[in-house]
Amino acid sequence: MPWTPGEVGPQAGRTVVVTGANSGLGFHVATEFARRGADVLLACRDAARGAAALERLRAEVADSGVEASAEVLALDVADLASVRRAAAEVAGRRASVDVLVNNAGVMAPPFGRTADGFELQVGTNHLGHFALTGLLLPLLLAGDGARVVSVASVAHRFGRLDRENYLSERSYSRWHAYGQSKLSNLLFGLELQRRAAAAGLPLVSAIAHPGLSDTNLWKATPLSADTRVGAALGGALGRAVGHPPAQGAWPLLRAATDPDVRGGEYFGPDGFGGWKGFPVLERASAAAYDTADAAWLWARSVEWTGVEFGELAAR
């Protein structure tokens, strides 16, 4: 039988952090966890949008007869100071974190930099989540078998780790940078699992991608041409060949909740091209399993973020 959110069991007593939870995939992941009794932290950059998302989540969960345990966590993954503040806030209010879903991201914007000077896409999609995971590691290890889910993309298949131009110091291609950032999500997720296994720790690191989903991220790509007409056409294309954000969230939910998931597994839709369908186990591109690139990226990420991952620092 195809996997659906109906397979998700009770989540009461579990603390879940979802980045980019004010809309799209993150909102639907957070809502499904809250509906099943989890204590959910909606990590959002914009306070007003976060508050609106929280109100909507509570209303949707109430329709299921459940009172949601959820709140907004101020977090901008494109700002390492914000990442540190958010991690400290979680540590001050929670004894452990059971699930971390690294979902927030940007896709193919014009060249820009994060608050710390990194190219915007690798800074947001990879480095901010690398730092957040490392800073929350003590809380993840304080629980019983926590999971980290890194959200990748089919775009990782055209990604290439460019050691000489990783931060776009020499040149910038928006799609190259996006593919590289999504490949980085896989390299990180797989290396995190290798290090946890080598240290004998019960942490499970899994990776998932949503296929093609009609989210705000998709509508903000160059396909929209920054016009209402372009956005409408982009949305129509997303709906025609992809699936709604609620279903795009299913691979993330499966990676985060399926009791049979093993560390290092990668989930995505089963339809043509991985664009839509039911979540299944799949294999990433060969580049995602390059241990030399993973080690290089880990070392550089520690250097750039200053986050060392404690018990997982050495492998």
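Predicted model: local features only at pLDDT ≥ 70, side-chain atom pairs only at ≥ 80, totals over all residues.
Local features need pLDDT of at least 70 and side-chain atom pairs count only at pLDDT 80 or more, while totals for chains, interfaces and linings use all residues. Residues are numbered from 1 along each chain as its sequence is written, and side-chain values use heavy atoms, with hydrogens and water left out.

**View 1. Helix α1 crossing helix α9.** Here α1 (residues 24-35) and α9 (residues 250-257) have axes that come within 9 Å and cross at roughly 45°. Helices are DSSP runs (H or I, at least four residues), numbered from the N terminus; axes are lines fitted to C-alpha atoms over the stretch in contact, with angles from 0 to 180 degrees between N-to-C directions. The pair is therefore oblique, the label for whatever is left once under 35 degrees is called roughly parallel, over 145 roughly antiparallel and 65 to 115 roughly perpendicular.

**View 2. Who touches whom between α1 and α9.** On the α1 side, look for Leu25, Val29, Glu32 and Phe33; on the α9 side, Leu252, Leu253, Ala256 and Thr257 (contact means heavy atoms within 4.5 Å). That splits into 6 nonpolar, 1 polar and 1 charged, where Ala, Val, Leu, Ile, Met, Phe, Trp, Tyr, Cys and Pro count as nonpolar, Asp, Glu, Lys and Arg as charged, and the others, Gly among them, as polar.

**View 3. Helix α3 alongside helix α4.** The axes of α3 (residues 80-93) and α4 (residues 120-142) come within 9 Å and cross at roughly 20°, which means α3 runs roughly parallel to α4.

**View 4. The α3 and α4 contact, residue by residue.** From α3 come Leu80, Val83, Arg84, Ala87, Val90 and Ala91, meeting Leu127, Gly128, Ala131, Leu132, Leu135, Leu136 and Leu139 of α4. By class, that's 11 nonpolar, 1 polar and 1 charged.

Key:
Helix = DSSP H or I, 4+ residues; strand = E, 2+ residues; numbered from the N terminus.
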